[in-house]
Amino acid sequence: MTQGRRGLDGWLVVLATASLLAWSALAFGGSILMLPALCSANAWPVMPLSASFDSALVFNAPARLAWGWALMLAAMMLPLVVAPLRHVRERSFARRRTRAMLLFVLGYLAVWMAAGMVLQVAAVVALWTVPLPLTWFAVALAVAMLWQVSPAKQWCLNRCHRKPALAAFEPAADHDAFRFGLANGAACAGACWALMLLMLLAGKGQFPAMIAIMLFLLAERLEGPAPLAWQWRGGAKAIRLVAARLRIRTGSLNPMAEVSP
Amino acid sequence: MVKTRKNVWELGGDWADPILWYARGVKAMQSRPLSDPTAWRFYGAIHGIDRRLWTQLGFLSSGNQLPPNDTIKTYWQQCQHGSWYFLPWHRGYVLAFEAVVRDAVVKLGGPADWAIPYWNYFKPNQNQLPPAFASPDWPDGQGDNPLFVAQRFGPNNDGNVFVPMDQVDQNALGDSQFIGASDGGSPGFGGVNTGFRHGGNVHGGVETQPHDMVHGLVGGGDPNTGLPGLMSDPDTAGLDPIFWLHHANIDRLWEVWNEMPGSTGDPEQPNWVKGPASIGQRAFILPMPGRNFTYTPGQMQNLSTLGYNYDDVSPPSGLPQMVARLQRFGVSVADSVTRSAAMAGPKSAELMGASGSLRVSGTEARASVPLDAAVQFSVTRSLRSAATAANPAPDRVFLNLENVRGLNDATAFSVYINVPDGDDPAKHPELKAGNIALFGVRKATEADAQHAGDGLTFVLEITDVIDKLHLDGALNANQLHVRLVPRLPVPDAAQISIGRISVYRQSP
């Protein structure tokens with residue numbers, strides 16, 4: 001029999017560990033992102049509507065926002081870059097693999113950090129201007145649904161799946177790995193920004209929303225590239241996967257049954 | 001009743017009964033409307049369809065009624081390429097097609113044990129297109145022979161269809177492993193571990209050679225319009241009647257491989273055995289007369305269970321690959337030792353060096369591939385130890401043509417390593433890495449399709465060339481010189497480009 005040659009790679013363990021640590025920090029470290037602070041004082045959805053933008057910034061200092069966002073990226077997004085990281089690793093000299101993968105991650109996170117600042121400022125400004133969090137959540141939900149079915153989203157997803165040729169020798173190899181991270185991060189931010197905005201506006205439901213959105217994004221990334229079209233996307237393959245496993249377990253799908261063409 | 005698939009050149013005549021009945025069956029299928037799941041064009045669309053291309057080639061018009069969308073989604077665009085499902089999916093495809101033709105044959109009064117012949121272009125004097133396919137006439141001189149296809153241009157695009165023997169090989173049979181990986185090392189005999197993949201990026205060994213190459217050589221391209229021959233493009237290949245004899249031969253080679261002494265057998269991973277439906281993807285499903293045929297790779301492994309066999313599955317003569325290699329180093333190793341090394345399976349591949357990007361046009365393209373000194377030393381050390389028999393499995397070396405993009409699937413070229421400047425590469429077969437046909441490259445280049453525009457990656461084993469360079473003391477240079485020699489000049493309009501050419505070592 002042939003068994004192939006892929007085992008559990010050490011770098012995957014590192015990636016999973018980093019993601020789990022970030023999840024732990026988010027779960028047990030108190031506040032996740034500072035938007036709830038704006039809406040906090042006591043009960044959602046009641047909030048200090050007359051608060052000034054200055055006080056909003058006091059509660060949501062850029063450093064705190066950035067730290068919270070970085071933790072969230074590590075938790076949610078690292079699992080999404082397994083495929084491009086594997087590409088970087090396999091197309092690099094063994095002595096350069098770690099360096100190239102770190103450069104990719106650096107580029108990827110740089111784009112997401114910038115996108116995160118924009119999304120958070122947008123959310124803070126929205127709530128400060130019109131302090132109706134439930135309304136904003138509904139608006140964000142509608143935007144996310146519209147983006148989800150749009151050809152533009154598929155355009156971004158297709159670019160998330162790209163695996164370009166990479167230079168092997170320095171300094172071009174460093175440049176290519178970083179640039180690939182930037183490109184993949186931009187495509188990923190393009191594909192995911194609406195759901196991330198929705199998560200930011202989820203108030204006290206932010207943590208479960210993060211989990212749900214990460215699972216959805218993982219399921220969505222299971223689908224391969226596809227032609228651009230207006231259609232619902234994401235989750236179908238994961239559902240079919242679970243259903244197929246259940247059918248095999250219950251015996252209604254017997255892959256080794258006799259065949260007579 | 002076990003049906004036997006026979007060599008088309010050894011049936012006893014150009015229009016022997018099995019071919020005559022095949023032609024009649026094809027004619028019956030071609031008379032059915034596109035919306036009929038057992039129609040000729042419907043079966044072609046199961047392999048692949050590009051409506052614009054079909055229209056340009058005259059196989060689709062505005063008057064044709066298409067099947068319902070659900071039917072299209074269930075059956076069409078199903079062929080598996082660049083995938084470990086390549087062989088089992090095509091086995092089921094040929095099997096179901098054969099059943100549809102047989103049904104038509106029987107209704108016409110033909111034999112109930114009719115089986116599709118195969119075209120073994122490797123046998124001496126059998127590389128010419130079988131005559132029944134080359135004539136526009138039936139044997140009685142009537143001019144609507146359904147086996148004849150005008151859009152079949154051959155290796156020189158002049159309508160003379162044959163398989164030049166210097167363009168094809170059966171080297172994949174020497175790969176002991178069915179499964180490969182897309183990490184720069186061997187893609188295996190049968191392909192890399194994927195899900196349902198209607199056009200993956202890395203083709204397996206037997207898919208690259210001879211499968212892809214025969215497609216490109218037989219189909220060629222129209223020198224006047226630039227359109228591909230039917231066989232050259234996956235989206236039209238199933239429309240050519242010779243397709244099925246070619247794939248019967250590929251299917252036969254799978255059986256030959258299983259009979260090879262070094263073969264380690266078919267995969268046993270559940271994802272392969274149970275097929276893509278078990279991982280939430282499309283099932284392999286084909287229309288048959290009066291019913292559907294749903295199958296998994298695991299069900300495609302045993303020919304006797306499937307009710308057919310081949311009249312010849314003898315392996316090519318010669319020593320097993322690894323034994324022959326060690327003999328080259330002057331080492332005599334017991335076959336059991338090499339088999340044990342093969343069973344262990346290869347390790348992950350490691351990059352040795354890579355070029356930059358490259359454009360292929362005209363009559364030749366050249367690239368220098370700088371090598372990393374440390375990795376090169378590892379390979380040299382491995383080869384040196386082979387001479388002592390202390391290492392029964394020295395490194396193998398692979399050339400990767402990565403991210404090959406372009407618009408012309410009929411493009412084919414030979415790849416040479418370190419041919420001296422000024423020399424004609426054709427005079428250095430010992431430095432030939434292999435031949436490549438860009439079957440599927442057009443679709444793989446589309447940004448918003450199933451490849452995301454990454455193109456295809458071809459893997460050629462260059463172990464023999466590296467061994468020779470090593471034994472000649474010529475492996476010390478810090479780079480390899482690669483020359484790509486297109487079979488026919490590549491027009492600029494084909495826009496053929498290569499992302500990079502890389503070299504990988506792999507320890508068995």
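In the predicted model, 32 residues of domain 1 of chain B are in contact with 34 residues of domain 2 of chain B. On the side of domain 1 of chain B that touches domain 2 of chain B, the residues divide into 22 polar, 7 nonpolar and 3 charged. The domain assignment places domain 1 of chain B at residues 3-310 and domain 2 of chain B at residues 345-506. The C-alpha centres of these two domains of chain B are 28 Å apart.

A further contact joins the two chains, with 36 residues taken from chain A and 56 residues from chain B. On the side of chain A that touches chain B, at least two residues each are supplied by helix H8 (151-160) and helix H11 (236-250) of chain A. The largest share of that side of chain A comes from H11(A), with 6 residues. By residue class, the side of chain A that touches chain B divides into 20 nonpolar, 9 charged and 7 polar residues.

Chain A itself contains 11 helices and 0 strands. Its pattern along the sequence is accordingly written as α-α-α-α-α-α-α-α-α-α-α. Chain A has 261 residues, of which 39% count as buried. Among the contacts in chain A between residues at least 6 apart in sequence, those that join residues at least 24 apart make up 77%.

Note on methods: Residues numbered from 1 in each chain as written. Chains lettered and ligands numbered in written order. Predicted model: local features only at pLDDT ≥ 70, side-chain atom pairs only at ≥ 80, totals over all residues. Domains from an automatic or database assignment. Contact = placed C-beta atoms within 7 Å. Nonpolar A, V, L, I, M, F, W, Y, C, P; charged D, E, K, R; others polar. Helix = DSSP H or I, 4+ residues; strand = E, 2+ residues; numbered from the N terminus. Buried ≥ 20, exposed ≤ 12 C-beta atoms within 10 Å, placed from the backbone.
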